[in-house]
Amino acid sequence: MKKQLLAASLTAVGVLLSLCTASVSASEYPQVKRFTLETFDPFTTCFPDASATVTFVASEEKRGVDSLKIKVAGLKANTPFALFLTELAEPPFGQAQYIADFTTDKSGAGSVSTSTIIEEAFSLVPDASGAVSRKELNHVVFWFANPEDDDECFTDGSTGFVTPFDGDGEAGLAAMSSKNALPEAPLP
């Protein structure tokens with residue numbers, strides 16, 4: 001009698017588990033993608049241990065936004081950086097969208113998470129005739145947020161490079177990007 005009761009109980013549990021798993025399809029789970037970024041010269045020499053890992057979660061269809069998290073290490077300590085989605089992974093970078101800031105701690109590590117449209121991020125660019133073309137923003141790049149923060153990496157004495165990649169319109173050079181994914185783009 002105990003064996004029959006045990007067998008019936010196990011069968012019932014099995015049926016319940018199969019019903020539960022059958023009702024959840026693979027498309028209901030968010031797509032998670034991880035990739036790394038690569039340093040630009042002269043930062044490869046200046047910060048030889050620099051690393052950056054990006055975790056992207058495609059969840060816009062379910063939540064209305066995707067998620068992107070970046071974790072960095074081996075960079076200049078106590079330094080702010082500006083994070084962008086870009087059309088191209090290398091200069092001139094093409095179209096860009098400013099999505100977040102992060103600041104490294106005393107050991108040169110930092111992170112930031114942002115929730116916005118990532119998977120379908122794009123920019124509309126009009127030409128001289130007024131026609132508009134769509135440019136996909138499938139790369140990740142971050143810049144030194146202050147122009148003077150990258151000066152120590154220039155051994156030839158050239159300093160003061162100013163780029164517009166920060167909220168106040170004055171940033172240093174690009175530190176790292178998804179250029180290691182070329183010729184592909186890391187984001188869908």
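Q: How many helices and strands are there in the chain?
A: This is a predicted model. From the N terminus on, its elements run α-β-β-α-β-α-β-β-β-β-β-β-β-β. The count is 3 helices and 11 strands.

Q: Which strands are the edge strands of the open sheet?
A: The open sheet has 5 strands, with antiparallel pairing. Their order is β2-β11-β10-β5-β6. An edge strand here pairs on one side only. The edge strands are β2 (38–39) and β6 (96–103).

Q: What is the bridge partner of Phe84 in β10?
A: Strand β5 covers residues 80–86, and strand β10 covers residues 139–144. The two pair in the antiparallel sense over 6 bridges. In β10, the partner of Phe84 is Val141.

Q: Is Phe122 buried, partly exposed or exposed?
A: Phe122 lies in strand β8, residues 122–126. With Leu124 and Val132, Phe122 makes a nonpolar surface patch of about 280 Å². Buried means under 20% relative accessible area, and exposed means over 50%. Phe122 has 37%, so this residue is partly exposed.

Q: What share of the contacts with a separation of 6 or more comes from residues 24 or more positions apart?
A: A contact means heavy atoms within 4.5 Å. Contacts in the chain with a separation of 6 or more form the total here. Residues 24 or more positions apart account for 65%.

Methods: Residues are numbered from 1 along each chain as its sequence is written. This is a predicted model: local features need pLDDT of at least 70, side-chain atom pairs count only at pLDDT 80 or more; totals for chains, interfaces and linings use all residues. Side-chain values use heavy atoms; hydrogens and water are left out. Two strands pair if DSSP finds at least two bridges between them. Helices (H or I, at least four residues) and strands (E, at least two) are DSSP runs, numbered from the N terminus. Patches are made of residues with over 30% relative accessible area and no salt bridge: like charges are joined within 9 Å, nonpolar side chains (Val, Leu, Ile, Met, Phe, Trp, Tyr) within 5 Å. Accessible areas come from the Shrake-Rupley method with a 1.4 Å probe; for residues, only the protein chains shown count as cover. A salt bridge is a side-chain nitrogen of Lys or Arg within 4 Å of a carboxyl oxygen of Asp or Glu. Buried means under 20% relative accessible area, exposed over 50%, partly exposed in between (1.4 Å probe, protein chains only).
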